[in-house]
Amino acid sequence: MVFEHYSVLLHETIEQLDIKPDGTYVDGTLGGGGHACLVAKCLSERGRLIGIDQDADAIKAAGERLAEFGSKVTVIRSNYANMREELFRIGIRQVDGIVLDLGVSSFQLDTAERGFTYRRADAPLDMRMDDRQELTAKDIVNSYSEAELYRMIRDYGEDRFAKKIARNIVQERQKKVIGTAGELTEIIRASIPMKVQATGGHPAKRTFQAIRIELNRELEILENHLDDMIGLLAPGGRICVITFHSLEDRIVKTIFKKNENPCTCPKDFPVCVCGKVSQGRVITRKPILPTEEELEENSRSKSAKLRVFEKR
């Protein structure tokens, strides 16, 4: 199957990066190379692009797509959490721009054996972004305690039926191991009232999202490493982050705001005494959203939000 991923907010992201032809840029979630390809086209022979992704299929597909740019582009298989270390390893200390597209690729969603989809009953419960990782979604579903499952589905899936879903998962796995998307989906369906299912979209969507986030530590990695990425930016450099649900967007908004105004002094203090210095400014007071044309072309982009921060 060909690796496909619609690059959401593509032109808006490139515009906001404010690309310098001789600059150095990083795509921390390379995917199929859509954003990276357009960045590379804007670079001179002195410019440089580093693409990072933990997914082997993405690395292969993006590597082929970006091959035309030769030594201008470096592709690295790693998690963007390791961006600083990977850049230092190849002698790069500062960059002029960073892109993060936090969405799951169309390839990952549409390839049943990757286990991200709830629409294929026979799909295995996998959901690993990096197949070198041992823990899978199946392990989480069959080994987490009821309390852990409830916390995960409540916090990451924001599902008001989290308690009942968790309880039913534990009850059903005592009868047999839950191994496929179809088996898990049926348990979730039985946990949600039919009148809610009739109007609330696919009943398994929130739980599958929660498991994927937990398994791949998506929010933890974003929250723990966004400051580091801002620190990698050269003066005037920008970081563009595309999120797809409220939890991600909240983290990005909060960290950008904190980097713009880190002062912790009480508001009634006449001068700052905490010594914390602003790292730059938030470019997007409100997030940039997909256009109507993009929504018509790709319905999966409907929840996308782009936020941008510029280093001082």
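These are my notebook entries on what I looked up in this predicted model.

**Ground rules**

I number residues from 1 along each chain as its sequence is written, and since the model is predicted, local features need pLDDT of at least 70, side-chain atom pairs count only at pLDDT 80 or more, and totals for chains, interfaces and linings use all residues. Side-chain values use heavy atoms, with hydrogens and water left out.

**Entry 1: the whole chain**

I began with the secondary structure and found 14 helices and seven strands. Helices here are DSSP runs of H or I with at least four residues, strands are runs of E with at least two, and both are numbered from the N terminus. The radius of gyration is 21 Å, close to the 20 Å that the globule rule gives for 312 residues, so the protein is as compact as a globular protein of that length. For my own reference, that radius is taken over C-alpha atoms, and the rule is 2.2 Å times the number of residues to the power 0.38. The C-alpha trace spans about 60 × 60 × 40 Å along its principal axes.

Next I looked at burial: 53% of the 312 residues are buried. I call a residue buried under 20% relative accessible area, exposed over 50%, and partly exposed in between (1.4 Å probe, protein chains only). I then turned to contacts, meaning heavy atoms within 4.5 Å. Among those between residues at least 6 apart in sequence, 70% join residues at least 24 apart.

**Entry 2: helix α3**

I went to helix α3 (residues 56–65), whose buried residues are Ala-58, Ile-59, Ala-61 and Ala-62. They pack against β2 (48–53) and β3 (73–77). At the N-terminal end of α3 I found a cap from Asp-55, with a side-chain oxygen 2.8 Å from the backbone nitrogen of Asp-57.

**Entry 3: Arg-212**

I picked this arginine in helix α11 (residues 205–216). Is Arg-212 buried or exposed? Arg-212 is buried, because its relative accessible area is 12%. Not counting residues up to four places away in sequence, Arg-212 touches Val-104, Phe-116, Met-127, Met-129, Glu-218 and His-245.

**Entry 4: Thr-185**

My next stop was Thr-185, in helix α9 (residues 181–189). Thr-185 is buried, with a relative accessible area of 5%. A polar atom of the Thr-185 side chain lies 2.8 Å from the backbone oxygen of Ala-181. Leaving aside neighbours within four places in sequence, I list Tyr-118, His-202, Ala-204 and Phe-208 as contacts of Thr-185. I also checked Arg-119, which is 66 residues from Thr-185 along the chain; their C-alpha atoms are separated by 8.9 Å.

**Entry 5: two positive phi angles**

I closed with backbone angles. Asp-18 has a phi near 50 degrees, a positive value in a residue other than glycine. I located Asp-18 in the loop between α1 (10–17) and β1 (24–27), and it is partly exposed, with a relative accessible area of 47%.

Where is Glu-158? I found Glu-158 in the loop between α7 (146–157) and α8 (162–173). Its phi is near 50 degrees, again positive in a residue other than glycine. Glu-158 is partly exposed, with a relative accessible area of 36%.

Key. A polar contact is a pair of N or O atoms within 3.5 Å; within protein, one must be able to donate a hydrogen and the other to accept it, and residues adjacent in sequence count only if both atoms are side-chain atoms.
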